[in-house]
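These are my notebook entries on one structure. I set down what I looked up, topic by topic.

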Protein chains: 2
Amino acid sequence: MKSKVLESLSEALQLLELKDGMTLSFHHHLRNGDYVLNMVLAAARKLGLKDLTINASAIFDCHLPLLDLIRDGTVTGLECNYCGALVGRALSRGLLERPVVFRSHGGRPADLERGTAHIDVAFVAAPTADICGNLSGKYGQSACGSLGYAFSDARYADKVVAITDNLVPYPLADFSIAETEVDYVVAVEQIGDPSGIVSGTTRITRDPVGLLMADMAAAAIEASGLLRDGFSFQTGAGGASLAVAYALEKIMERQKIQGSFASGGITSKLVEMHSWGYFETLLDVQCFDLDAARSIRDNPAHREISAAHYASPTAASAVVDSLDVVILGATEIDTDFNVNVHTNSQGLIMGGSGGHSDTAAGAKLAIIIAPLTRARLPLIVDRVHTISTPGSTVDMLVTQYGVAVNPRQTELATRLRQAGLKISSIDELRQLAEKICGTPKDLEHDGRIVAEVRYRDGDTIDLIRQVN
Amino acid sequence: MKSKVLESLSEALQLLELKDGMTLSFHHHLRNGDYVLNMVLAAARKLGLKDLTINASAIFDCHLPLLDLIRDGTVTGLECNYCGALVGRALSRGLLERPVVFRSHGGRPADLERGTAHIDVAFVAAPTADICGNLSGKYGQSACGSLGYAFSDARYADKVVAITDNLVPYPLADFSIAETEVDYVVAVEQIGDPSGIVSGTTRITRDPVGLLMADMAAAAIEASGLLRDGFSFQTGAGGASLAVAYALEKIMERQKIQGSFASGGITSKLVEMHSWGYFETLLDVQCFDLDAARSIRDNPAHREISAAHYASPTAASAVVDSLDVVILGATEIDTDFNVNVHTNSQGLIMGGSGGHSDTAAGAKLAIIIAPLTRARLPLIVDRVHTISTPGSTVDMLVTQYGVAVNPRQTELATRLRQAGLKISSIDELRQLAEKICGTPKDLEHDGRIVAEVRYRDGDTIDLIRQVN
């Protein structure tokens, strides 16, 4: 039994022979409770390392200490699929010299496979690890369920270090990442704050506007012809997205429809729908709450999948390619149906693609659901500030004032009309929004480039500029 | 839902653009019941393909039709970890111009990772597949349990084709190989003969010599100091190897020892010991019988592992590295403790390393168990005809006439003597064997090279020569 357990993180960093300029990777299953990224970077700073690039599947507000590490030159590069508003704002102000590289959840493993991304050392936050590095997210005080985003890191990184607060004897039979990939195991007191782990915004909206939109979206799904036995579905953890699941459930019950799978980030609502028989299988790359984390541990039909299996365009196939319907949000959408989920109305970074563009590209029906105005700003614009998801992959928009169908989807529009749904053109909805809010001032477009958005095919789809 | 299902194997071969000279791979979980290798090669011959190399984890007697394909030039290269006696004899007679490449179960995935082996197209015999190529060996009429050896093929081959006789709707939640790796799925009537699948020689010996040796081996394990809580163990499916498990069970019961894991090919006996609590976990790269195939499906503590996880020397670690004791067979052993499991006394190919050299290298105590003479031929020789496993990794030999300890293991010898076991030198046992059988005639060593044995580190450890 050759234990890989090290005394401390700094011992690990020394054994790894970390050098200035290297790329370190992290995953975001501990969400806003993650301690690991900050912990590793603090140790790296202590060693005097400089010029590191962080490749994280997502950056949350809990990673705010990252800003100090950028200021002192420890970190000079960032690649991620999502970036929370607190860190995002500083990046938009031009804190990093090199542009941030934004990818999607499917594009990240794809770029690792293509070799257009490279990880020197992956740090895997492991809620349970045995002494040889078999890892699981399903057990322990910091259990987060799926470790799906970390699979590609473990596979492609030159070296892999697991950080755990639940070290167990060999062998951990129910491993998700195998010891074959893991070089060192570091045991620490705590890898995350339980109150921040698996704490997405997973409560259904009580806002009547959100409920109205959810009912419209569900009616549109019903009318689309896709809601039949074998139906597959993905929705986010936001209030309105979640409300669609409730609305859909009622229709599925009435029509006695037996769905096939729900995918993506899994919430307690989807666990419930699965347990009641609405969906046979849950394919889970990320648990959004504790119910989901419990379910993936105990229920064989709730299956952990890797990010590549979820959404990679270089995979022979991925779950998103088999998806019927996905419900997605937007901060902006333009009249070509391009969607922005990266920047807010001021042009400040406050999000990222996640699986947005992947599911939109894969699903038969990609529905954007969003209120027509927010804080007196129109949802629909002539041209989104940032293209996160190209309009060619977006099929319809649901707002509280009506539904717009992408002109490419003529059959869908016909079906919806036949079902009695009121269809507007997206330009009509844009005009309505502007009537309510006025035309927003154009942002300046000549700032320095602070981020580039890489589409899942590896190409740069848009640039994000500095906001002063 | 983009189905990958093709109408026929020949359609698959055409879409794959198979070319002369390519390497096709196969795995051996269907053992002597496998139809897939013959089926694919018959289709390849029909297309007029020539000069193919077969990289199979093992070749069984059911693959005898391979000889005709070698004769007509369809196949001109063979790489495998084991070759049954019927095919082996023809190879030893010089049927192939290019030498056969023998690897071990751990060396095969390692060479694929190193790039010193390459697979153009992997054919995975899949007892269950969904239409997008999520695969499992646990379900269906041809269920074989673990698909462990096929994992590396799926990962490293340029293209992957699943051949199944149990096509199920998407998604197969309990997949072992993911759709990400699988390009095509071909549905056929039957992928194997149920009477040949999972039909290892898994009955305990009734031979009193075998039982005597098993008791001696168990006593030696007890004396070694390794038999304590957390004990881990591997043994083969042969009668005498299996008898060691029975003998060990009695000692473990008496001493109330709670073992950790049993690994490798899993038999019903190990399943039984697991269910009775002697081993907490089963780590399974290959199910040897139907009880094991059922258990791996229903029991979460009976876990499928890949060949790399089992035994790869290029993995960060593998199960064999954590193994306490392994029981292994031998056709010959020499006075340096080198072991031959490739060729028989006439020099004819009739086996291969499988996991022999991997487990010997990894385990703390590698025990060879074999009768001192067989068919009036001595087990122990001056120099084995073929080195399968180097003596430096072999710790002791158990025969019915006594136990020999590798001189490198001085502490082991002391412990065994203290426990009252009779220890002979291996040369004393050799002399005894020769007294019984006489000195065997030396084989000619100047024949053409028909096979090379590559050790798990990738180096050639020995050559096998033509026998006329």
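Which domains does the domain assignment give for chain A? I noted domain 1 (5–197) and domain 2 (201–443). I also recorded that this is a predicted model.

Entry on the two domains. I looked up the C-alpha centres of domain 1 and domain 2 of chain A and found them 29 Å apart. I then turned to the contacts: 34 residues of domain 1 of chain A touch 31 residues of domain 2 of chain A. Between these domains an area of about 2,500 Å² is buried, and carbon and sulfur atoms give 59% of it. On the side of domain 1 of chain A, Phe102(A), Lys138(A) and Ser146(A) lose the most area to domain 2, together 19% of what that side buries.

Entry on helix 10 of chain A. I checked residues 290–298 and found Ala292(A), Ala293(A), Ser295(A) and Ile296(A) buried. They lie on the same side of the helix, because they cover an arc of only 165° around its axis. I listed what the buried residues of helix 10 pack against in chain A: strand 13 (259–266), helix 9 (268–275), strand 14 (279–287) and strand 15 (302–304). At the start of helix 10, I found a side-chain oxygen of Asp289(A) within 3.4 Å of the backbone nitrogen of Asp291(A).

Entry on the two chains. The same surface serves both copies, as 100% of the contact residues of chain B recur in chain A.

Methods: Residues numbered from 1 in each chain as written. Chains lettered and ligands numbered in written order. Predicted model: local features only at pLDDT ≥ 70, side-chain atom pairs only at ≥ 80, totals over all residues. Heavy atoms only, no water. Contact = heavy atoms within 4.5 Å. Buried < 20%, exposed > 50% of the residue type's maximum accessible area, 1.4 Å probe, protein only. Helix = DSSP H or I, 4+ residues; strand = E, 2+ residues; numbered from the N terminus. Arc of directions from axis to C-beta. Polar contact = N/O pair within 3.5 Å; in protein donor to acceptor, adjacent residues only side chain to side chain. Domains from an automatic or database assignment. Buried area = accessible area lost by both parts, 1.4 Å probe.
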